[in-house]
Amino acid sequence: MEKKRVLSAIQPTGDLHYGNYFGAISNWVKLQEKYECTYGVVDYHAMTMPYVPKKLRENTWDIVFSLLAVGVKAENLFIQSLVPEHAELSWIFNCFCSYGQLLRMTQFKDKSAKAAETDFISAGLLDYPVLQAADILIYRADYVPVGQDQKQHLELTRDIAQRFNKVVGKEYFVLPEILYTETPKILSTADPSRKMSKSAGEKHYISVFAEEARIRKQIRSAVTDMGEQPSGKMSPGVRNLFELLRAAGDPQGLYEELKSEYESGALRYVQLKDAVADALVALSKVFRECKAELLENKKEVKGAIKASSAEIRKRAQQTVREVKELAGLLNVKC
Ligand code: ADP
């Protein structure tokens with residue numbers, strides 16, 4: 001039987017953080033054993049917000065090394081601008097997507113408010129969920145491992161696939177489904193009312209490659225109680241710390257003990273924070289070592305990613321050929 005296909009991607013907009021890792025990338029790594037996985041570093045997406053061209057390429061390679069360091073296999077990884085068919089399919093999909101639906105995307109609302117601070121909101125920002133639909137459907141993916149923040153975009157992808165199928169009169173695209181991790185939403189430790197995110201600023205994320213002192217400082221200062229909680233309810237900040245501990249594999253086996261101390265009212269938050277910090281420090285140490293090793297072989301690694309991108313591109317080209325045919329466009333050979 002053919003293996004089911006998995007697709008996911010990440011923007012090269014800075015550090016890889018524990019929200020990305022526990023929310024999505026840890027799944028990327030696991031799923032490689034069971035499915036045909038394709039993972040992208042989507043640099044076209046990183047142009048939708050104000051950006052510095054010189055830094056973009058640097059960030060793209062940096063995130064490639066980061067993904068490899070946490071366990072993504074080189075042969076499954078591609079760089080989006082080396083597969084320009086994504087942009088071509090995105091144009092075609094623009095014509096199968098309603099403008100009103102794009103305006104309703106909550107990420108567009110959030111990000112356009114931020115972009116407005118620079119007096120420039122690009123049309124690309126409005127349109128990027130369509131490019132994301134192309135990223136997913138170009139590989140005919142069955143499953144998409146992402147965090148909860150991407151739910152609305154995946155629904156849009158399914159709508160585009162359905163409209164395309166209807167217009168061309170063929171069930172060409174399967175409708176992809178989301179695969180969540182057990183922690184689909186990691187919160188900022190500095191402000192548990194928002195998700196952990198690099199776009200919100202330095203104190204709102206913890207890098208997976210952070211040094212011990214920084215991790216301990218960030219976890220020590222994590223917000224725990226935020227005013228009155230409805231009785232018996234754990235505050236979001238404390239729940240987030242428990243989730244981080246579980247997601248990090250709870251190496252010292254403290255989760256259950258701390259949980260029952262919390263339930264009996266005897267937990268001192270510093271115990272929980274120390275357990276979380278210890279677990280993250282241990283993980284980050286391994287990740288840092290792996291990345292340093294990869295960086296020693298920069299040239300070979302870059303060559304391998306260019307080769308895998310070229311290989312993956314063949315599948316994208318095949319889909320675009322078929323889509324053009326179905327959509328009434330021309331291919332060179334017809
Ligand atoms: P950011 O929000 O920091 O810019 P990206 O948009 O590049 O991160 O997200 C890359 C992947 O990580 C996506 O699959 C997204 O759903 C997931 N992700 C990002 N932040 C979180 C979070 N706080 N919790 C869970 N998953 C997350």
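**View 1. Domain 1 and domain 2, with C-alpha centres 30 Å apart.** The model is predicted: local features need pLDDT of at least 70 and side-chain atom pairs count only at pLDDT 80 or more, while totals for chains, interfaces and linings use all residues. Residues are numbered from 1 along each chain as its sequence is written, and side-chain values use heavy atoms, without hydrogens and water. Domain 1 comprises 5–183 + 298–327 and domain 2 comprises 202–293; these bounds come from an automatic or database domain assignment.

**View 2. The interface between domain 1 and domain 2.** Here 13 residues of domain 1 are in contact with 16 residues of domain 2 (heavy atoms within 4.5 Å). About 1,400 Å² is buried between the two domains, 68% of it on carbon and sulfur atoms. Y18, F22 and A69 of domain 1 lose the most area to domain 2, together 44% of what that side buries. Buried area is the accessible area (1.4 Å probe) that two parts lose on being put together, summed over both.

**View 3. The shell around the ligand.** Of the 19 residues around the ligand, H17, G147, D149, I186 and M196 come nearest (a heavy atom within 4 Å counts as near). Helix α1 (residues 18–31) gives the most to this shell, with four residues; helices are DSSP runs (H or I, at least four residues), numbered from the N terminus.

Technical notes:
Helix = DSSP H or I, 4+ residues; strand = E, 2+ residues; numbered from the N terminus. Nonpolar A, V, L, I, M, F, W, Y, C, P; charged D, E, K, R; others polar.
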